[in-house]
Amino acid sequence: MSATEPIVYVVDDDASFLTAISRLLQASGFAVKTFSSARDFLLHRDEDVPGCVLADLRMPVMGGLDLQSALAQTPNPMPILFLTGHGDIPSTVQAMRGGAEDFLEKRAPKEKLVDAVTRALARDAHERKARAYRNELLARFDALSQRELEVLSHVVQGRLNKQIAYDLGIHERTVKLHRTSITTKLRVQSVAELTRLTQEAGIFPVPAQTFPKGQ
Amino acid sequence: MSLITIIWSMLSSACLTLAGINLQIWCKNPKARANLLFSLAAVSTAAFAFCELWMMRAETTTAFATALKWTSLPGWLVSLSLVGFVRLYLRAGRPWLAWTVYSVRTLALLLNFMVGQNIIFMEITHLRHIPFLGETVSVAEGVRNPWMLVGQLGLVLLVIFVADAGVTAWRRGNRRTALTVGGSVVFFTIVATGQSLLVFWGIVQAPITASLFFFGVVAVMGYELSYNALRASQLDRELKVSQAGLREIEERMSLAVEGAHFGIWIRDLVRNEIWATDNWRALFGFKKTEPLELESILQRIYPEDRDAVRMLLARAIENNGNYQAEYRLILPNGEMHWIASHGRVEFDAAGNPILVRGLSHDITERKVAEQETQNLRDEIAHVGRVSMMGQLASSLAHEINQPLGAILRNAEAGGLFLQDASPDLDEIRAILDDIKKDVQRAGSVIDRMRGLLKRHSIEKRKVEVGELIRDVVALVRADAVARRVKLDVEIQDDLPLVSADRVHLQQVLLNLIFNGMDALDKVGRQDPRVRVTAQLDGAQLVEIAVSDDGHGIPADKLVRIFDPFFTTKPNGLGMGLPISRTIVEAHGGRILAENNNGGGAVFRFTLPTLDVATK
């Protein structure tokens, strides 16, 4: 399979169920990898390959919730779908708080399962794209110097060069030079675009109006 | 009156009195021939004394000779009655010797009347007067009759006969009588014979006083007879007392037997007859006059119990046995009764069974009460299991959902495979196999659950302890996983089988494991574990232990932990452990709780191994 083809990771301690669900998912057109324990999965998954996790909530040693929190620590957390045989309310609540993608009864209809997996994979793809974009964005901002960041913070507040020069105690021409450098480094054409990117990158705590003077 | 007259007449009257009493006894009881013979001897002694007195007072030789002649008759009678008395009384003495004594004495009597003036003297020539007891008495002198020896021979033979009989009686153990009767007869006969020999051969000048010695014999005989009469009346009294006692015991027995509604039956194995009390007939539903046969009795027994009772009876007769049984009867009116019987077989000297005595009573009430108690116990145990099912519910749902989910996924996958242009039949076959396995898996979970939910009383079967424990662990595994408790199972190899009721023992184990897990919940350990172990305890017990590493049991609660309604859990009913104890004890085992050295509690219970339980 190609590197970009998403994989459905299924984690369940019940061998028979594992076989059955992997058959169904494969027949439904998904690439599937099965693991009989959460630990095994955490050791052997490929972080860079997109996908989602389908895990039994109840497993010996390391249960579904443990897996969820372990996954959350990783840089590329995959969406996690829980399989449950029964309505275990406290576990469900905890799982939802942890950002579970969905809950599926073990005997949920196939369509619901396939939809949920498709949705999870789409979310993963989306999240991966978003993460990639944001990473790229952050890399652009990383290129800015400390002074440029200071200038930027004033610019996105809509302040004039004159005001910025006064506030920072520098010459207005210097402010202009910084602004040119910023737009080049961040590859933007307009102040509006600059403001949007800054917000997307989440560089400054929003809103920035309370930014203290003299900094 | 002279001393001689006084002595001799007293002697005679004493003899006559004794004779009269004993004659009367004989008249009332003709079987008492000893009394008749005694009277004869006493009368003869009196007659002898009379003749002696006659001789002592004789004035002429003729009178003396006549008196002497007549002494032979009572003398002969005394000998005869003595022989008869000894034979009768001592039940000894040689018959030929007795007949010899009779013959010789009779011959002497005949000679007495035929030869000379009497058997002592051919002719009395003159009388001499000699002093005796302060008086002058007559003694004879004359030509002696040599035939006198025949009479004296007879007396010697009499002594020999009596001595011989005495010895025989002595040897037989009848020592007192042998000594008194035999001894006195021998002694007095020897003395009397000796005296007459000395007198008649003229060695001693004295009158004949044989009656004195005969009286001695008579006195001893009289003593013996009256002693016996006394003893007889004493025995009679004792007999009456003991008979009265016996009747009293019989009365009490029958009162007790009737009061307790006991029925008694006796089966004569020799004549093949059966006798039974009215109570017994009422118990078994037989009319008072209805003839009884073993087969018709056995037919009254509830068919399921019949063969067992039949075998029990046969075995009791074959071995030297008592039997004891509890069984049901179906009476002709359709009523069912529980009967308890016990009985004993009696054997003759050769060891052949001759009769069977049996006692039966109705224990229906007790049995019904027992059954009710048992039902109640079963009901409580059942309630315990149902409430435990509540705890198990989520675990069981998981256990069932797992295979059901697998089945559904497999079926859906199979449906998709079939949509292919060329379906992979091998894969579809594999899918169907897996579905079959999962159906069985789900089925076995349901079976286990149903087994626990069913209400049933204890039925002991052969149980393999390891399998039992593994089954229970399979039931709680999912629950343990949800509670993050690890279940360790350790079963000794080659454990013997136990006789037990699976479901009830599963209940005990489930209860103990749940308790262990509950204890761990409160502690919040890093690596919570419940250990279930089984091992041999001695040769006759299997010990199963469930331990946890929780908080343990506070010492003050340890003693009460098996009490009903005693609980340490906020939502506990306090019935789990009392039910467990009832179940374990119904299996002949024991259960106890203690604290582990390393913290946590351990519950141990024992079960007797199969070969012990069936003994």
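Two residues are taken to be in contact if their C-beta atoms, placed from the backbone, lie within 7 Å. In this predicted model, the contact between the chains draws 23 residues from chain B and 18 residues from chain A. On the side of chain B that touches chain A, the elements giving two or more residues are α11 (364–418), α12 (425–453) and α13 (465–482) of chain B, and of these α11(B) gives the most, with 16 residues.

Within chain A, 5 strands form an open sheet in the order β2-β1-β3-β4-β5, with parallel pairing. Because β2 (31–35) and β5 (102–105) of chain A stand at the edges, each with a single partner strand, one side of each is left without a neighbour in the sheet. From one strand to the next, the twist averages 20°. Strand β1 (residues 7–11) of chain A is joined to strand β3 (residues 51–56) of chain A by 5 bridges, the two running parallel, and in this pairing A:Val8 stands opposite A:Cys52 of β3(A).

Two helices of chain A that lie against these strands are set out below, each with its direction relative to one strand.

| Helix | Strands involved | Angle |
|---|---|---|
| α1 (residues 15–27) of chain A | lies across β1 and β2 of chain A | about 170° to β2(A) |
| α5 (residues 110–142) of chain A | touches β1, β3, β4 (80–84) and β5 of chain A | about 135° with β3(A) |

Terms used
Residues numbered from 1 in each chain as written. Chains lettered and ligands numbered in written order. Predicted model: local features only at pLDDT ≥ 70, side-chain atom pairs only at ≥ 80, totals over all residues. Helix = DSSP H or I, 4+ residues; strand = E, 2+ residues; numbered from the N terminus. Pairing = 2+ DSSP bridges. Axes fitted to C-alpha atoms, helices over the stretch in contact; angles between N-to-C directions.
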